[in-house]
Amino acid sequence: MTAAMASWKQQVLQRGASLYVGDLDPEVTETDLRAAFYHVCPISSLRLCRCRLTGKSLCYAYVNLYSHAQASRALGLLNHTNLKGKPMRIMWCQRDPFARKTGFANLFVKNLDFSISSSCLESIFSKYGTILSCKVAGENGRNKGFGFVQFESQDSALAAQTALHDTMLGGKKLHVCKFVKKTERTAAAPCEVFTNLYVKNLDETITEDGLKDMFSVVGDVSSVAIMMDHEGKSKHFGFVNFKSPDDAKKAVDIMNGSVVGSKTLFVGKAQRKSERTMILKQEYKDLQIRIAEKLRASNLYVKNLNVDIDDKKLKDVFSAYGKILSVKVICHNDGTSKQFGFVCFASPAEANKALVALNGALLEGKILHVAKAQWKKDHHQEWHNFSGQNQPQSFYPSNCTTVSSAIHPLHFNFDHSPLLPFLHHPMFCQHFGVQHPFMAQNYQQNFSTHMPVAEVHLGSTLNTRDKSYQQHVCYYHSKTFALT
């Protein structure tokens, strides 16, 4: 990895001067960027990246200068300076995504005091090596209590982690560790082990000191934060972090549901966004399943409708049996009916009542078929099960030993004569050779299948016999067709 970073640095020196400018305010324009860099050194070109569809700023840009020395000067003077009220984060442009995607020499720093800015954090960590990027996460201009520092080398990152982990900064003990991508993080700690609490329904008059005093009755509180909007007004929720997991659990039991002023507090374990999203998705999925099961028992499938039956006529027929939620007659693209539809009742009892009354009823010259509607996959599974249970039975007794035929199954070929319509019937084919590709070795008895037909005279005798199996010829008899 060190060799790769050295190669990247050499490429930067050779290529010249390209800087990445991030964390820009959405209102920043190309003109604003050009003016900000003009006071330091002239720029060759710049590009503010925008959404291809909406044209809105993506809040980052690339600035090309004439020399590496000019770019270094701009980086040193403009990094973390405000542009339209928001500090810019400037770093060398990395064409090779290696460092970004691997998290090479990147540290995660948490438990920062709210007064710590990105420039302050960089000045503290820069003693241990060259920093490529430093950022303190913020929202609405306020520190969120954690940040990231990426060094040029792994040795510098390790030295900074060893020296600064568990040190005091701004009255708080820093936690410094190697950055791990979200996709690679281990599962969250069990629910019973937590120290950070989420508190909502706060009165707008409650301050952070007041919130801390309120929860300090339960145990030692390490930090408190109330979320504010861009005008500095309370969002009516915040976080309380205890030093002990036991105190945090006790606070949930005691404070959740308590009344403060005119509001009832909600106090629970603080959850990551990914945890909340997963829980909400599962709750939504469960709700959809419950709704689907309820509608499934109340939804009827109606077929064999007259082509003139539309949604209104179908609703008029079925509304006599209960409250109808929806009616739909399925149509082709040209608007003509496919002669089936669906009727959904408010309750399963009403649906059953309509099914019993209307299944087999005559409507505008057609007999209705009414049944409970099924999901497509359930219908296919039911048909598959039905087909498996109704396969043609073996033509031979169960005590026969069968072997596979060395040739194709025995077939009968006849001229397409209008005098023999039964020869084209599928049941005829099913009983004569098509479904029976096996011959019994020890079945010596003669067998015959009889089918009543009109007397037919054939102009010539049929083919004699099959030499492989010594099977007898087929004869046509008056009113009987026999295989002997």
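On helix α2 (residues 30–38), Thr31 and Tyr38 are exposed, exposed denoting over 50% relative accessible area, buried under 20%, and partly exposed the range in between (1.4 Å probe, protein chains only). The model is predicted, so that local features require pLDDT of at least 70 and side-chain atom pairs pLDDT 80 or more, whereas totals for chains, interfaces and linings use all residues. Residues are numbered from 1 along each chain as its sequence is written, and side-chain values use heavy atoms, without hydrogens or water.

Opposite Thr31 and Tyr38, the buried residues of α2 are Leu33, Ala36 and Phe37. These fall within an arc of 90° when seen down the axis of α2 and therefore line one face of the helix; the arc is taken from the directions from the helix axis to the C-beta atoms. Their cover includes strand β2 (43–50), strand β3 (57–65) and helix α3 (68–78). Helices (H or I, at least four residues) and strands (E, at least two) are DSSP runs numbered from the N terminus.

In helix α5 (residues 118–125), the buried residues are Ser118, Leu121, Glu122, Ile124 and Phe125. Because they cover an arc of only 160° around the axis, they lie on the same side of α5. Among the elements covering them are β8 (131–139), β9 (142–151) and α6 (154–164).

Methods
Contact = heavy atoms within 4.5 Å.
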